[in-house]
Amino acid sequence: MKKQFYLFGLLIVPFFVDAQNVGIGTTTPSARLQINHRSFTTVGLQLLDSSASSAGSIRFSTINNPVGMTISSFYESSFNKGHYLDINSDTAFVATFRGNGNVGLGVESPLYRLDINGDINTNGLLRINGNAGTTGQVLTSNGSTADPTWVTPGLSHYVGELFGGGVIVALWKIAGAEHGLIVSLTNLNLGMTWSNIVSPAGATSSMDGQGNTAVIVAQPGHLYSAAQLCLDYSFLGFTDWYLPSAWELRQCFNSAFVVNTIAALDNSLKLDLVYWSSTENIPPFSFSIFVQSFINTDVLVSKTSIRAVRAVRKF
């Protein structure tokens, strides 16, 4: 026999009991508890806890053997990485989802978007299935966060590798061939203007620093520039350096090698220097250039400003 109970409050919500199944928002629940919910403004299910920092927990176990799994959450007064949703067994921590977007498997305080802690049995193995023609980078280490290594499946090099007169900051494949972007190990200049010419050079590519560099030094009346300084740079027999584009300079910022590798080799980097790119702003704002700190975001500054210079090359 089907019994129906109606509970009324500020919102009228039908509540149905069908045999031993309970339905909210449905007259035919197919599970012990089924909630049919459709709303962009109202939460479908919320567990409230009397603790100041807990938001309820869910326990999965059997009656005869209460050993099982628990999902619990924690929050702080403001939304930050202190928020988490944890999954635990009765004998071990399993996984965590942090408020800053990091996920840890066997790691209670994940440092990366996906942080996996292996042991002697699992070795931290991870299989990634990507789309055709794409690869992803995996950060591996021997357990020390001070010495991680970025490895791209299918590539023989890795980001952070000392190679080609500098350090690799980006890797990619074109038609099966491996290519990469290398930044110089040292600053070529700690502070200079972008060029002796302030009129537009036409170096507006955000990707092609090599092309921008050629355009800059070809300007009539050109005497000196950050681009020329890079063209004149030579190290370990490598002479094909140029002033990086905004995107190429951004790869230096994105790569952890800056702090882990170059900072150990170049004390000047600890000054939080801001570096020239070869990318002009679009007309009519060509008097400004994209610049980039290796530990802060990129900005636009006047060509007559004083900024540092670091060269890049590709292979």
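A salt bridge is taken here as a side-chain nitrogen of Lys or Arg within 4 Å of a carboxyl oxygen of Asp or Glu.

**Entry 1: basis.** I worked on a predicted model, in which local features need pLDDT of at least 70 and side-chain atom pairs count only at pLDDT 80 or more, while totals for chains, interfaces and linings use all residues. Residues are numbered from 1 along each chain as its sequence is written, and side-chain values use heavy atoms, with hydrogens and water left out.

**Entry 2: salt bridges.** How many salt bridges does a search of the whole structure find? I recorded three.

**Entry 3: Arg59 and Asp90.** I looked up this pair and noted a salt bridge between the two side chains, at 2.9 Å from N to O. Arg59 belongs to strand β5 (residues 54-60) and Asp90 to the loop between β7 (84-89) and β8 (93-98), so the contact ties together parts that are 31 residues apart in sequence. For these elements I used DSSP runs numbered from the N terminus, with helices (H or I) of at least four residues and strands (E) of at least two. For accessibility I used three classes: buried is under 20% relative accessible area, exposed is over 50%, and partly exposed lies in between (1.4 Å probe, protein chains only). Arg59 counts as partly exposed at 40% relative accessibility, and Asp90 counts as partly exposed at 39%.

**Entry 4: Arg313 and Asp240.** I then noted a salt bridge between Arg313 and Asp240, with the closest N and O atoms 2.6 Å apart. Arg313 is in strand β21 (residues 312-314) and Asp240 is in the loop between α2 (226-231) and α3 (246-254); the pair links distant parts of the chain, 73 residues apart. Is Arg313 buried or exposed? I recorded Arg313 as buried, at 7% relative accessibility, whereas Asp240 is partly exposed at 33%.

**Entry 5: Lys303 and Glu280.** The salt bridge of Lys303 with Glu280 has its closest N and O atoms 2.6 Å apart. Lys303 sits in the loop between β19 (298-302) and β20 (307-309) and Glu280 in strand β17 (residues 274-280), so this pair ties together parts that are 23 residues apart in sequence. I found Lys303 buried, with a relative accessible area of 1%, and Glu280 buried, at 1% relative accessibility.

**Entry 6: backbone.** Most residues other than glycine have a negative phi, and most peptide bonds are trans. I noted a cis peptide bond joining Pro283 and Pro284, with omega about 5°. Pro284 lies in the loop between β17 and β18 (288-293). Leu236, not a glycine, has a positive phi of about 55°. I placed Leu236 in the loop between α2 and α3, and it is exposed, with a relative accessible area of 64%.
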